[in-house]
Amino acid sequence: MAIDMMDRLKILAEGAKYDVSCASSGSFRRNKDGIGNAASCGICHSWTSDGRCVSLLKILMTNSCIYDCAYCVNRRSNDVQRVMLTPAEVAELTIGFYRRNYIEGLFLSTGVVRSPDYTMELLIEAVRALRQEYRFNGYIHLKLVPGADPLLVQEAGLLADRVSINLELPTREGLALLAPDKSRDAVVGPMRQVNKLIVVNREERQVSRQVPRFAPAGQSTQMIVGATSETDRQIVTLSEELYRRFELKRVYYSAFIPVISDSRLPVWPASPLRREHRLYQADWLLRYYGFQAHELLDDEIPNLDTDLDPKTGWALRHRELFPVEINRADYEVLLRIPGIGVRSAKRIVRARRQGHLGLDDLALLGVVMKRACYFITARGRSAGACNLESGQLRSRLLGGKRKQSDSQLELPLSQPQTSEEIVSLVSGEL
Amino acid sequence: MGGIYRYDGSFAGLLTLLARLLPDRILPDAIGVDPPQQQGLFTEVTTVETDQLLVEQFWEELSARLAPSCLKLVRLAFLADRAERELMICRYLLLAWETGKGIGNMLAHPHVAPLWKLSQQVGREAHRYLGFVRFQEVEGGFYYAGIAPDHRILSLIAPHFAARFRDQQWVIHDNTHGEGIIHDRHRRDWLILPMDVHAEPDLTPAEERFQALWRSYFSTLAIAERENLRLQQSKVPLKVRPWLVEFA
């Protein structure tokens, strides 16, 4: 293989960049006479022109693939140059970048070559070289290959900080349509196994600290949103299940952007980035704010409001619970007020021990008053008009917000063109 | 009371000064390192010499009166590159002398909120620089990184890099404040010294190769359809870009 390292790196980064997972947090590794450590807070090292952070060297081992998934750039039938890195080259690159503090660690994914087991072994070899030969203690995120042997999955978890396997599409039908070679069970199987191993490992480590950690930063997954016709309700309910049953650390959502045209794929969906953004907000509400999926979405409202964030939307449907007196409300109740987040709620709880808080104090504590003012009282006084009728309140909350957000979360191509033009633009055949 | 005070600019110096002022509940009109520009006719400038013994006693007293998180707040605020920081600390400690440990919760108090905000700025900048440092391998076997932070964050980031790159000889040079951390891998130790660099560092061939690889890797990462330059600029401000390999 005589292709220059520079070109291979470019091609393999190109293939990996659609994986959104970027977290380098949640693991803590000390540097024991080698190089690197993992900081539990996670560290971003740079940001690309699409505003996403660069924290890990995100790269494919190879972009050859035996599968033919409709949404993927690396699909078998796509005419791109196929290259690969050897495990030793992956390790060398990672260390070279790490020593210069470009990256926080490695995110290693791959196309599937020969068989899932063979591919998984390649990944493990690269990570083992890093951990054992270079004594690298930095963060490693390893992709599991669907259908790989459970023993290999176990080995992967012992070497990596986080493992992940992508659900790809929210529904079984969607997967059958767009990724005919992957089955839902081949994805959920390893996910369940990893979860069991993590639980067992946690118990063992309570008995003895000598037991090596298994995937200390847990597991995550990713799904593509907007490539099939599922509703937000299906997606958010699925995420809730994943968090509850498999204790996933993160579910990532990737707005579908057609990189290749295919008759099975939809033409450009309407404001996909806005939808992705709202899904992430709902996801945060599930994980940190004590919300449940059925509170945010139900039969009547199957999709999230694109104009308002899901928490404000929920508050508007439950006007009977507001206004809330911030000097008396429980932490859990504070969390549900629009404009108050985890940090500001905690600060309120701390600060009010030293005396009653007034409305002026709240902005100092980090409360977003332009949203919160309609939902709170302080010492019995309210700042905004708490008794506005819901429709009026909605338009007030939207007022002034439209201007900036419209242009940002809309894709430049999504507005005026007809569908034919778009397909040809994306596939480059003008 | 009031008055204008001068100290040597070190944290110990400020503590000496505060140890003298606090028992008498004196709030100065100004505290500075350099002699004040304008001087009133009747105000006298008092210069306080650092007294190591007094500092130790005072630090013990501070530790007894304040929660660890409040001590950390004071330390972070001291590192801020902001002229009023000493006065803000002084006001904060005067309040602490009155209220005791309860000050840790008085987040909205007019003498607490500004100091707290300042310390957050310093802490955030220090965290950002854990990512924004770019080492260059220089002929002679060590790694050099230049940065230009707003605040004096070197002492906050040094332990992180010392743990992470303990087998490397490295230097992080703060160009704004003319200081640098030097890490010695044999003694496993680091120290902060005044520093000035005149010549361009002499890069090794491996360094140039990795820089080229990194630039080309970075340029492929963005998804063109999702371009959002405003978001990028809020995360990577223009002032840090000259120091980053991928932007320079």
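Which residue is the bridge partner of A:Leu142 in S6(A)? In this predicted model, the bridge partner of A:Leu142 in S6(A) is A:Val163. The two strands concerned are strand S5 (residues 139-143) of chain A and strand S6 (residues 162-164) of chain A, which run parallel and are joined by 3 bridges.

**Sheets of chain A**

S5 and S6 of chain A belong to an open sheet of 6 strands in the order S3-S4-S5-S6-S7-S8, with parallel pairing. Strand S3 (56-60) and strand S8 (250-255) of chain A are its edge strands, and each of them pairs on one side only. On average, neighbouring strands of this sheet are turned by 20 degrees against each other, direction ignored. Helix H8 (residues 272-288) of chain A packs on the sheet, where it touches strand S7 (219-225) and S8 of chain A. The direction of H8(A) makes about 170 degrees with that of S8(A).

A further open sheet of chain A has 3 strands in the order S9-S10-S11, and its pairing is mixed. Strand S9 (324-325) and strand S11 (381-382) of chain A stand at the edges with a single partner strand each, so one side of each has no neighbour in the sheet. Strand S10 (residues 376-378) of chain A runs antiparallel to S11(A), and 2 bridges join them. Within this pair, A:Thr377 stands opposite A:Ser382 in S11(A).

**Strand pairs of chain B**

In chain B, strand S5 (residues 142-147) pairs with strand S4 (residues 136-138) in the antiparallel sense and with strand S6 (residues 170-174) in the parallel sense. B:Tyr143 has a place in both pairings: B:Glu137 stands opposite B:Tyr143 in S5(B), and B:Tyr143 stands opposite B:Trp170 in S6(B). From S5(B) the chain crosses through helix H6 (residues 154-164) of chain B to S6(B), in a right-handed β-α-β crossover. The hairpin of S4(B) and S5(B) has 3 residues between the strands, and B:Gly140 takes a positive phi near 110 degrees there.

| Strand pair | Sense | Bridges |
|---|---|---|
| S5(A) and S6(A) | parallel | 3 bridges |
| S10(A) and S11(A) | antiparallel | 2 bridges |
| S4(B) and S5(B) | antiparallel | 3 bridges |
| S5(B) and S6(B) | parallel | 5 bridges |

**Contact between the chains**

Between the chains, 41 residues of chain A are in contact with 39 residues of chain B. On the chain A side, the elements that give two or more residues are helix H1 (5-16), strand S1 (46-47), helix H2 (87-99), helix H12 (342-351) and helix H13 (359-364). H1(A) supplies the largest share of that side, 6 residues. By class, the side of chain A that touches chain B comprises 19 nonpolar, 12 polar and 10 charged residues.

**Domains of chain A**

Chain A is divided into domain 1 (5-296) and domain 2 (310-401). Their centres, taken over C-alpha atoms, are separated by 37 Å. In the contact between them, 9 residues of domain 1 of chain A meet 7 residues of domain 2 of chain A. H8 and helix H9 (293-296) of chain A are the elements that give two or more residues to the domain 1 side. H8(A), the helix that packs on the sheet of 6 strands, gives the largest share of the domain 1 side, 5 residues. The residues of that side divide into 5 nonpolar, 2 polar and 2 charged.

Terms used:
Residues numbered from 1 in each chain as written. Chains lettered and ligands numbered in written order. Predicted model: local features only at pLDDT ≥ 70, side-chain atom pairs only at ≥ 80, totals over all residues. Pairing = 2+ DSSP bridges. Helix = DSSP H or I, 4+ residues; strand = E, 2+ residues; numbered from the N terminus. Right-handed = clockwise from strand over helix to strand, strands pointing away. Axes fitted to C-alpha atoms, helices over the stretch in contact; angles between N-to-C directions. Contact = placed C-beta atoms within 7 Å. Nonpolar A, V, L, I, M, F, W, Y, C, P; charged D, E, K, R; others polar. Domains from an automatic or database assignment.
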